[in-house]
Amino acid sequence: MDDRAKKKAWVRHEHDLVVGVDIAKKKHWACVTDSDGEKRLKPFAFKNSREGFMRLQEQIQRFHPQIAPHRVVVGMEPSGHYWKPLAHYLQQAGFHIVLTNPFHVKSSKELSDNSPTKNDRKDAGVIAELVQEGRFLRCYLPEGVYAELRVLTVTRQQQRQKLNAALNGLQAILDEHFPEFTEVFADPLGKAAQYVLQHCPFPVDVQAWSQQDLAAALKLATRQRVGEKRAASLLAAAARSIGVQSGLQGARLKLRSCLAEIAFWHEQMEQTEAAMKQALEQTGLAPYLLSIPGVGVVTAASFLGEVGDLGRYEHWKQIQKLAGYNLTENSSGQRTGQTRISKRGRPVLRSLLYQAALILVSKNREFKALYQHFLTRPVNRLQRKQALVDVALKLLRVLYTLGKEKRHYDACRVLGSYRRQQLALNAA
C-alpha cells in the first residue's frame, strides 16, 4: 500500500468527518462532510477570532451531534501565517490537522464542476475532497524548544535578508560615487574601511587629507595594522576616481543611514544567534551535531528549527523530501529527461544544507574527499552544483543519524568501507 492509500484509509476508517477550511486574513470558509464525501454541510464563513473558531466547532456538532473531536480531521491550505492560530486552537481541542498543497488545490478546482471559477466556498470543498482522497501532508506544529528554534530560524533569515539589502545599498553608493574604493578595501566592513566611510567616504573628502594624517588615522583605527601603504593607495584611487561628484550631500546622508542600518542588523543577528545557541543546548543534541567539523551553532540550530524533533522521523529520506531534495524525472515516449531535484519542500532547509555543504567541502576532510570523488570519478562524473547537492544530502544523513542516535561524529564511519575503497581506487 502506497503512502496516499494509507492516508486515505486513515481518513475513512478512523474519522467520521472531514472539514475543509480555506484560510484568509480575517474570514475563513469551511466545508463539513462525512469521511466518504457523500454528505456535506453547506459551506459557511467564520471569523479569524476565538468566537469564529467556536462557531466552527458548533457547526461540526450540528452536523454530527455525537462526534468526538479526535474523530474529525480538518484540512487547510497553509496561506502565509494566517492558518497557524486556527491550527493551534483546533489541535489543542483534540482535532486532527492536515495540510493540503496549494498547487494541488489550484489544479483540482475544475475537477468538480469543470469550471475555472474560484471562490472561497469552492476552495473549502476542494480541500475537503483532497483530504478524503489522501492528498495531504501531516501537520507538524512544533512545541517547546523546537517552536523557539523555528521562530528564531525565521527571524535570523529575515534579519540576514535585511542586512544583505543594506549591504547592497552601501555597494550601490560606492559604485556611483567612489567605485575604486573596493580596489583599496576588499572588505567594506573592515575597521579601516569603516573609518574611511565615516570620515572621508568620497574622493573629494579623501583628497582633503594629507598622506601622513590619513596614515596616522588608519593606524589608530586598526591598531597599527593598516597605515602608509593603504593611505597612499586610497589617495591614488581618489585622484583617478570616475565617481559622480554631484549630489554628495544627499549621498552622505544616505551613506550614514546605510552604515547605521548595517550596524543595527549585525547587532540584532548577534542577539538572535545567542538565543539560538541557548535553545540548541536545551535540545540536548548540541554536542552531537556540533561535533561535525565545519558545522556551527547557526547551522545546527537552523536545521532543528526547520525539521523539528528528529524523533518523529523514521528515515532520513523523509527529511530529504521535506527539503525538496528528492529526485524527479521528466521523460516521455522515447525521450529520457534529466533527473533533477524536485524543489518541492522547505526552501530554507534546502538552502541551509547547500550553504553548509559549501563550507564542509573546504573545512571537513571527509566531505572534501567525497566532493572531489564526485567531480573526478570515471563513471557518472558530476558537475560542481550536482556534487554539492550530493554533499548536502550526505550532511543531512549525518545530522539525522547523530541526532537520532545521540552519538558524536566519527570520521571513520562517515564514508564507510565501500566509499573509502572507491576513493582509494579513484586516487590510484
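Me: Let's start with the open space. How much of it lies in the largest pocket?

Reply: About 2200 Å³. Keep in mind as we go that this is a predicted model.

Me: What makes a residue part of the lining of that pocket, and which ones lie nearest the centre?

Reply: A lining residue has an atom within 4 Å of a point of the pocket. For the largest pocket there are 46 of them, and Leu99, Leu137, Arg138, Leu322 and Arg346 lie nearest its centre. Elements giving two or more residues to this lining include α1 (3-14), α3 (84-92), α4 (102-113) and β6 (137-138). Also among them are α6 (144-177), α15 (316-322) and α16 (347-363). The most comes from α6, with 5 residues.

Me: How do the residues of that lining divide into nonpolar, polar and charged?

Reply: There are 18 nonpolar, 13 polar and 15 charged residues. Leu counts as nonpolar and Arg as charged, so Leu99 and Arg138, both among those nearest the centre, fall in separate groups.

Me: What about the second largest pocket: how much space lies there?

Reply: About 640 Å³. It is lined by 19 residues, and Thr339, Arg340, Ile341, Gln386 and Val389 are the closest to its centre. Two or more lining residues come from each of β8 (340-341), α16 and α18 (384-405). The largest share is from α18, with 5 residues. Sorted by type, this lining has 7 nonpolar, 5 polar and 7 charged residues.

Me: On to the strands. Why is β1 called largely enclosed?

Reply: Because 6 of the 6 residues of β1 (residues 17-22) are buried, and buried means under 20% relative accessible area. Leu17, Val19 and Val21 point one way, Val18, Gly20 and Asp22 point the other way, and all are buried.

Me: How do you know that β1 and β2 pair?

Reply: Pairing takes at least two bridges. β1 and β2 (residues 27-34) are joined by 6 bridges and run antiparallel, so they qualify as a pair. Val21 stands opposite Ala30 in β2, while Leu17 has Asp34 across from it.

Me: In which sense do β1 and β4 pair?

Reply: In the parallel sense, over 5 bridges, with β4 covering residues 72-76. Val19 has Val74 as its bridge partner in β4.

Me: And why is β2 called largely enclosed too?

Reply: Because 7 of its 8 residues are buried. β2 also pairs with β3 (residues 44-47), in the antiparallel sense over 4 bridges. There, Lys27 stands opposite Lys47 of β3.

Me: Now the rings. How many aromatic pairs does the count come to?

Reply: The count comes to 6 aromatic pairs. One of them is Phe178 with Phe181, with 5.9 Å centre to centre and 70° between the planes.

Me: Then why is the pair of Phe181 and Phe185 called tilted?

Reply: Their centres are 5.1 Å apart and their planes are at 40°. Stacked needs under 30 degrees and edge-to-face needs over 60, so 40° leaves tilted. Together, Phe178, Phe181 and Phe185 form one aromatic cluster.

Me: Last one. What makes a charge sit over a ring?

Reply: For Lys or Arg, the charged end has to be within 6 Å of the ring centre and within 35 degrees of the ring normal. The charged end of Lys7 sits over the ring of Phe136, 5.4 Å from its centre. Arg312 lies over the face of Tyr140, at 3.5 Å from the ring centre.

Definitions and conventions. Residues are numbered from 1 along each chain as its sequence is written. This is a predicted model: local features need pLDDT of at least 70, side-chain atom pairs count only at pLDDT 80 or more; totals for chains, interfaces and linings use all residues. Side-chain values use heavy atoms; hydrogens and water are left out. Buried means under 20% relative accessible area, exposed over 50%, partly exposed in between (1.4 Å probe, protein chains only). On a 1 Å grid over the protein atoms alone, a cavity is a set of points where a 1.4 Å probe fits but cannot get out, and a pocket is an open set with protein on both sides within 12 Å along at least five of seven lines; lining residues have an atom within 4 Å of a point. Grid points are joined across faces, edges and corners, and a volume is the space filled by probe spheres set on the points. Rings of Phe, Tyr and Trp (its six-membered ring) pair if their centres lie within 6.5 Å; planes under 30 degrees apart count as stacked, over 60 as edge-to-face and the rest as tilted.
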